[in-house]
Amino acid sequence: MTTTLKSKLQDDLNAAIKGRDELRSSTLRLTLAAITKEEVAGKEKRELSDDEVLKVITREAKKRREAAEAFAQGGRAESAEREKAEGEVLAEYLPKPLSDDELNAIVAQAVEEAKAAGAEGPRAMGAVMKIVNPKVAGQAEGGRVAAAVKKLLQG
């Protein structure tokens, strides 16, 4: 039987607790809590798929990045470092981010598809984003994708 991403997180949490790795165990605890919260949200409890778990981890990693920036701007370097370290722990469970070249190639292909469907110029942004987003899910941030699309549509 293949192990799910959630059970891998659980196993890693147990190992971190046994190894007295406070940073890793607290980060994984918070992430598993967010996953459980997502599972019980809505009308009935359900098991999340690996893709859904990945979305939760991505969201948690983004929170850590934003918190680290906020702490750094507020002059709280120690807290910023902690958030960065937690973000690095979560990054181990995420797919490798796309390089700028890979992202631009995917966006260029999507722009061509949108043009073939009749969407052109800056107004094609929505159509292109619809094509690109499923292809880069979890591998590139939305803002980075939007910037790449905008640049190609204007260029």
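Me: Which residue follows α5, and what is its phi like?
Reply: G118 follows α5, and its phi is positive, near 100 degrees. Helices here are DSSP runs (H or I, at least four residues; strands are E, at least two), numbered from the N terminus. This is a predicted model, where local features need pLDDT of at least 70 and side-chain atom pairs pLDDT 80 or more, while totals for chains, interfaces and linings use all residues. Residues are numbered from 1 along each chain as its sequence is written, and side-chain values use heavy atoms, with hydrogens and water left out.

Me: What span should α5 have, and how far apart are its ends?
Reply: Helix α5 has 17 residues (100-116), so at 1.5 Å a residue it should span 24 Å, and its end C-alpha atoms are 24 Å apart, which agrees. The expected span is 1.5 Å times one less than the number of residues.

Me: Which residues of α5 are buried?
Reply: L103, I106, V107, A110, V111 and A114 are buried. Buried means under 20% relative accessible area, exposed over 50%, and partly exposed in between, with a 1.4 Å probe and protein chains only.

Me: Where do they sit around the axis?
Reply: They cover an arc of only 145 degrees, so they are on the same side of α5. The arc is that of the directions from the helix axis to the C-beta atoms.

Me: What covers them, and what is on the face turned away?
Reply: The cover includes α6 (125-136) and α7 (142-154). The face turned away from the buried side carries the exposed residues D101, E112 and A116.

Me: New topic. How many salt bridges are there?
Reply: A search of the whole structure finds 14. A salt bridge is a side-chain nitrogen of Lys or Arg within 4 Å of a carboxyl oxygen of Asp or Glu.

Me: Which residue does E39 pair with?
Reply: E39 meets K6 in a salt bridge at 2.9 Å, N to O. The pair links distant parts of the chain, with E39 in helix α2 (residues 22-40) and K6 in helix α1 (residues 5-18), 33 residues apart.

Me: Is E39 buried or exposed?
Reply: E39 is buried, at a relative accessible area of 1%. K6 also counts as buried, at 17%.

Me: And what about E86 and R82?
Reply: Their side chains form a salt bridge at 3.0 Å, N to O. They are four residues apart in helix α4 (residues 77-91), so about one helical turn separates them. Salt bridges that share partners join E22, E60, K63, R64, R82, E83 and E86 into one network.

Terms used. Contact = heavy atoms within 4.5 Å.
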